[in-house]
Amino acid sequence: MEHKITTNYNKETLVDFKRFTLTKKSFIKPWLLYIMCIGVVVLAFVYNRRFELNFTTVIYPSIAIIGVLVITFLYYIRPQREAEATEEFSAEYIFGDRCITVGEDEIPYSDLYCVYEDKSYFYFYVNECDGFLIDKDDIDFDMGEFLKGKDIKPKQLKLMKNKSKEEKAE
């Protein structure tokens, strides 16, 4: 059985894809890095105890502030700029029994690098950084169950474990 899905790629969708690609394999998320940078600043002043300006109270907080700026640029500003430079478009995907058809290309399920699921999207990666996403609002069937029956290695299929009660009731 084939399932035809059309996904509209707008600026918000492209930003979500770029941000997810940045953090998909890492347990370190931007919010955790922000907390670590704030912790460095606080610990530098607590360690000094006298709140004097010296190496500890100047260099470590400076490095932490530079870290915050780099994280902000890489995770928030750069994906937004790249998405604004891209035109909005639609893509049609046909999920068949043996492969996914994208335009003229056919991608066998066994050739997928990895498939991820979050609360809004399914992310299909052809290699480590190239792929596409499917908005869950565009899907009229259970994509997770559909993919479990395909030729995808279990380690490459990273679906959400906890479905909401509303989704299970439907």
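The entries below cover strand pairing, cysteines, aromatic rings and charges over rings.

**Basis.** I worked from a predicted model, in which local features need pLDDT of at least 70 and side-chain atom pairs count only at pLDDT 80 or more, while totals for chains, interfaces and linings use all residues. I number residues from 1 along each chain as its sequence is written, and side-chain values use heavy atoms, with hydrogens and water left out.

**Strands.** I took strands as DSSP runs of E with at least two residues, numbered from the N terminus, and I called two strands paired if DSSP finds at least two bridges between them. Strand 2 (residues 89-95) pairs in the antiparallel sense with strand 3 (residues 99-102) over three bridges, and a hairpin of three residues joins these two strands. Within this pairing I found T101 of strand 3 as the bridge partner of I94. Strand 3 also runs antiparallel to strand 4 (residues 105-108), joined to it by four bridges, with I100 opposite I107. The hairpin of strand 3 and strand 4 has two residues between the strands, and there I noted that G103 takes a positive phi near 65 degrees.

**Cysteines.** I searched for disulfides, meaning pairs of cysteine sulfur atoms within 2.5 Å, and the structure holds zero. For C99 the nearest cysteine sulfur is that of C114, 19 Å away. I use buried for under 20% relative accessible area, exposed for over 50% and partly exposed for in between, with a 1.4 Å probe and protein chains only. C99 is buried at 14%, and C114 is buried at 4%.

**Aromatic rings.** I counted rings of Phe, Tyr and Trp (its six-membered ring) as paired if their centres lie within 6.5 Å, with planes under 30 degrees apart as stacked, over 60 as edge-to-face and the rest as tilted. The whole structure gives 14 aromatic pairs. Among them, Y9 and F89 are stacked at 4.8 Å centre to centre, with 20 degrees between the planes; Y9 is in strand 1 (residues 3-9) and F89 in strand 2, 80 residues apart. Y9 is buried at 6%, whereas F89 is partly exposed at 39%.

I also noted Y93 and F132, stacked at 4.5 Å and 15 degrees. Y93 lies in strand 2 and F132 in strand 7 (residues 131-135), so this pair ties together parts 39 residues apart in sequence.

**Charges over rings.** I required NZ of Lys or CZ of Arg within 6 Å of the ring centre and within 35 degrees of the ring normal. The charged end of K150 sits over the ring of F146, 4.4 Å from its centre, and R19 lies over the face of Y75, at 5.5 Å from the ring centre.
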